[in-house]
Amino acid sequence: MPTMLIIDDDSELCELLEAYLTPEGFVVTSRHDGEKGIQQALSGNHDIVILDIMLPEINGFEILSRVRKHSAVPVIMLTARGDEVDRIVGLEMGADDYLPKPFNPRELVARVRAVLRRVNREREPNRREEMPSCIEIGDITLDWGTRRALKCGEPMALTSVEFDLLRILMEQAGRVVMKEVLVKSVLDRDYSPFDRSIDVHISNLRKKINHGPGARERIKTIRGTGYLYVSA
């Protein structure tokens, strides 16, 4: 059964979510304190973390930052409805997805299952065997077996979403990959023109692979269509 950690100071909400999620097949643990939430998130005992931004003493951004230094556990951020800045910042800091409050528990379950499906696909031996063990273009190398990304032989700290985006773009190097395809393949949901998640993930990825001012642009935006990885 998938294990979920909820870090939210609203104990009533946590109880309601636990009552809803348990029959859905999840083992739920809640923490209402930021420091305890960080310790629990880094314990390695959870498949996914649901993290509220508005927490006392330590906000969700600080918790995410500290967790990401040591763990790639999937994180879904809970944000205030309509606060697009919080959503973008969360994604830029390494969150896998976000959900605005208030939300329908069914939507939370759908988002969680989508993230877990993607993570589980990454771990499937048969799927890994179907993929080339290594993709190399210029000074960027992706090792599918170990999910390591290298630039000039040095490891790059990519999130799981960023790695999958880079893999798809490099596999299709020289060809345009539509946003709809990236959203469905990487985020496992239907594309919405009002959802900027994939654009933020691409922006983060660009910063990590371009390295410094004047660096060659590796991922080009094809306006109104998608993205293209420059093969040469």
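Student: Which strands does helix α7 lie across, and at what angle does α7 run to β12?

Tutor: The model is a predicted one. In it, helix α7 (residues 160-171) lies across β10, β11 and β12, and its direction makes an angle of about 70° with β12.

Student: Which strands does α8 lie across?

Tutor: Helix α8 lies across β10 and β12, and runs at about 65° to β10.

Student: What makes the sheet of β10, β12 and β11 an open one, with strands at its edges?

Tutor: The strand order is β10-β12-β11, with antiparallel pairing. β10 (176-178) and β11 (219-222) each have a single partner strand, so one side of each is left without a neighbour in the sheet. Direction ignored, neighbouring strands of this sheet are turned by 30° against each other on average.

Student: How do you know that β11 and β12 count as paired?

Tutor: The criterion is at least two bridges between two strands. As one instance, Ile219 has Tyr229 in β12 as its bridge partner.

Student: Why are α8 and α9 called roughly perpendicular?

Tutor: Helix α8 (residues 179-187) and helix α9 (residues 197-210) pack at an angle of about 85°, their axes being 10 Å apart. The term applies to angles from 65 to 115 degrees, and α8 and α9 are therefore roughly perpendicular to each other.

Student: Which residues of α8 and α9 meet?

Tutor: From α8 come Lys179, Leu182, Val183 and Leu187; from α9 come Ser197, Ile198, Asp199 and His201. By class, this contact of α8 with α9 has four nonpolar, two polar and two charged residues.

Student: How many cavities of 30 Å³ or more does a search of the whole structure find?

Tutor: The search finds two cavities. The second largest cavity has a volume of about 30 Å³.

Student: What makes the lining of the second largest cavity nonpolar by class?

Tutor: Ile7, Ala41, Val49, Leu51, Ile63, Leu64, Val67 and Val75 line the second largest cavity. Ala, Val, Leu and Ile are among the residue types that count as nonpolar, so the lining divides into eight nonpolar, no polar and no charged residues.

Student: Which elements give two or more residues to the lining of the second largest cavity?

Tutor: They are β3 (48-52) and α3 (60-68). The largest share, three residues, comes from α3.

Notes: Residues are numbered from 1 along each chain as its sequence is written. This is a predicted model: local features need pLDDT of at least 70, side-chain atom pairs count only at pLDDT 80 or more; totals for chains, interfaces and linings use all residues. Side-chain values use heavy atoms; hydrogens and water are left out. Axes are lines fitted to C-alpha atoms, for helices over the stretch in contact, and angles run from 0 to 180 degrees between N-to-C directions. Helices (H or I, at least four residues) and strands (E, at least two) are DSSP runs, numbered from the N terminus. Angles under 35 degrees count as roughly parallel, over 145 as roughly antiparallel, 65 to 115 as roughly perpendicular and the rest as oblique. Contact means heavy atoms within 4.5 Å. On a 1 Å grid over the protein atoms alone, a cavity is a set of points where a 1.4 Å probe fits but cannot get out, and a pocket is an open set with protein on both sides within 12 Å along at least five of seven lines; lining residues have an atom within 4 Å of a point. Grid points are joined across faces, edges and corners, and a volume is the space filled by probe spheres set on the points.
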